[in-house]
Amino acid sequence: PKGMVIDMKKLAVLLTILLILPLFMPIKADAVTFTPNFTVNSEAAVLINLDKDIVVYEKNPTKKIYPASLTKIMTAIIVLDHVQDLDNTEFEAPLVVFDELYGQGASAVGYSRGEIATVTDLMYSMLMYSACESAGILAYNVGNESIPNFVDMMNEKAKEIGCTGTNFTNPHGLFDENQYTNARDMALIAQYAVENYPKFVEIACTTEYTMKATNYQAEGWATIYHTNKMLRPSSDYYYQYARGIKTGTLDESGRNLVSMARKDGNNYLLVTMGAPMYDADGNTANGQYEDHKNIYEWAFENFSYEKILSTGQEITELPVKLGQDSDHVLLVPSEDFYTLWPKTLDTSNLKTEIDTSAAVDEDGMVMAPVEKGQKLGTYTLSLSGETLCTVDLVAKDSVELSRIDYNILKAKAFVNSFWFKLAAGIAVALIIIYTVLLAIAAKKRKRRKHVNGKRRF
């Protein structure tokens, strides 16, 4: 358009960025999950390898379940977002908190209306001991003296983290049919807390803590212990590799548990939800602890971090049209690909799919020149219908263009083109017309000579 000035330098830079940007795109990888060879008591579960951020196992990951006290993980996140100095920040317990909890059988550490406690102690009692009044006191004060405001913050944070099946209506987890989540969302929330808040990990993984003095209580008025029995050496459910994080139990949800485990440098986070409250005989059941120990041991014993694809691995080859010194090019993965892989499963069991349709012509060939590293296709690995990864296939070496063959091809193409045939037809027609005209002219000259000859005699 008139008046538009094109900055050629900027245009060149932009085009360069657009050309090289795909080289830095990550491998497209989807989680291939595996099933353990034992029964998992819980209705839903998600196991994540924290070192590689890989989901190793899922069971009913999107099933709607009430979070119970797992809710307090999100409460802790919001508090840590808004309170910088936990030791020197104090909150007073308001009446509204106790009115809400009255008669519901909520777990409590023993705070009273008007009691003033540090945020540190409120957080320890909420996460370790699952104290509902501590969650309410924190929510009320951080929410600008409004628990509904705090709940809005919880839901906004859930969306920010990436939750799609979660809704909160309170900060403590007591039953509300409109407060729900699923194992996948809860795993996202727990992983977010672990990876972004060192203080959360410190508190949620502490096994024993002595409460500090308040305006109502003397120094050391209570010693609290983590509700996760896997952390207690004296417990029948003790598991030496377990750490934290949060228990949650409701009649409506069953037994929920979030924990971490570390062994031989491998770190996992596990969420289980909906373990039965009672066994077939009506006795109290704690199948969530059995689930966590069994799943962790299964992961530690069976998985290792393996290289599945290598950049030097020749996957396939493509025929090259008009190549100078070669009539084909080898294709290799654009980068190495690693993942957690069962030690007993051979990678030859993977299904492979090669797609080079975008790079070849109608003859199934790629046209020279070909540059080393040029993308010529994709390579997909899958197992039992689940995609493991999709990587780019690139040229292993360059193939130069044969100028002689190129010129011959162009000449043939030109000769066979419509315009050449049209031009040739016109030329032939002109030659014929010209020949006819010459013949007519010659005939006329001959006739004139004949006439003129008669007049002389």
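These legends walk through several close-up views of a predicted model. Residues are numbered from 1 along each chain as its sequence is written, and side-chain values use heavy atoms, with hydrogens and water left out. Because this is a predicted model, local features need pLDDT of at least 70 and side-chain atom pairs count only at pLDDT 80 or more, while totals for chains, interfaces and linings use all residues.

**View 1. Confidence along the chain.** Let us start with pLDDT, the predictor's confidence in each residue, from 0 to 100. The protein chain averages 89, and 88% of the residues score at least 70. Residues 1-6 stay under 50, and the model gives them one contact (heavy atoms within 4.5 Å) beyond four places in sequence. The pLDDT is also below 50 over residues 8-29, a stretch with 13 contacts beyond near neighbours in sequence. Where pLDDT is low, the predicted coordinates should not be read in detail.

View 2. Ser-130 sits in the loop between helix H4 (119-127) and helix H5 (132-142); helices (H or I, at least four residues) and strands (E, at least two) are DSSP runs, numbered from the N terminus. Its relative accessibility is 6%, so Ser-130 counts as buried, where buried means under 20% relative accessible area, exposed over 50%, and partly exposed in between (1.4 Å probe, protein chains only). Leaving aside residues up to four places away in sequence, Ser-130 touches Ser-69, Lys-72, Ser-107, Ser-125, Thr-227, Lys-246 and Thr-247. Gly-248 is 118 residues from Ser-130 in sequence, yet their C-alpha atoms are 8.2 Å apart in space.

**View 3. Helix H4, under cover.** H4 is mostly covered, with nine of its nine residues buried. Among them are Tyr-124 and Ser-125; Ser-125 is also one of the residues that Ser-130 touches.

**View 4. Thr-206 in its loop.** Look for Thr-206 in the loop between helix H8 (198-204) and strand S6 (208-210). Thr-206 is buried because its relative accessible area is 17%. A polar atom of its side chain lies 2.6 Å from the backbone oxygen of Glu-202. Beyond four places in sequence, Thr-206 touches Tyr-124, Met-128 and His-226.

**View 5. Two cis peptide bonds.** Most residues other than glycine have a negative phi, and most peptide bonds are trans. Here, a cis peptide bond joins Gly-244 and Ile-245, with omega about -10 degrees. Ile-245 belongs to strand S8 (residues 242-250). Another cis peptide bond joins Ala-368 and Pro-369, with omega about 0 degrees. Pro-369 lies in the loop between strand S16 (366-367) and strand S17 (375-383).

View 6. Asp-53 has a positive phi, near 55 degrees, and is found in the loop between strand S2 (44-49) and strand S3 (54-59). With 51% relative accessibility, Asp-53 counts as exposed. The phi of Asn-144 is positive too, near 60 degrees. Asn-144 lies in the loop between H5 and helix H6 (147-161), and its 63% relative accessibility makes Asn-144 exposed.

View 7. Val-428 is in helix H11 (residues 418-456) and is partly exposed, at 46% relative accessible area.

Terms used
Polar contact = N/O pair within 3.5 Å; in protein donor to acceptor, adjacent residues only side chain to side chain.
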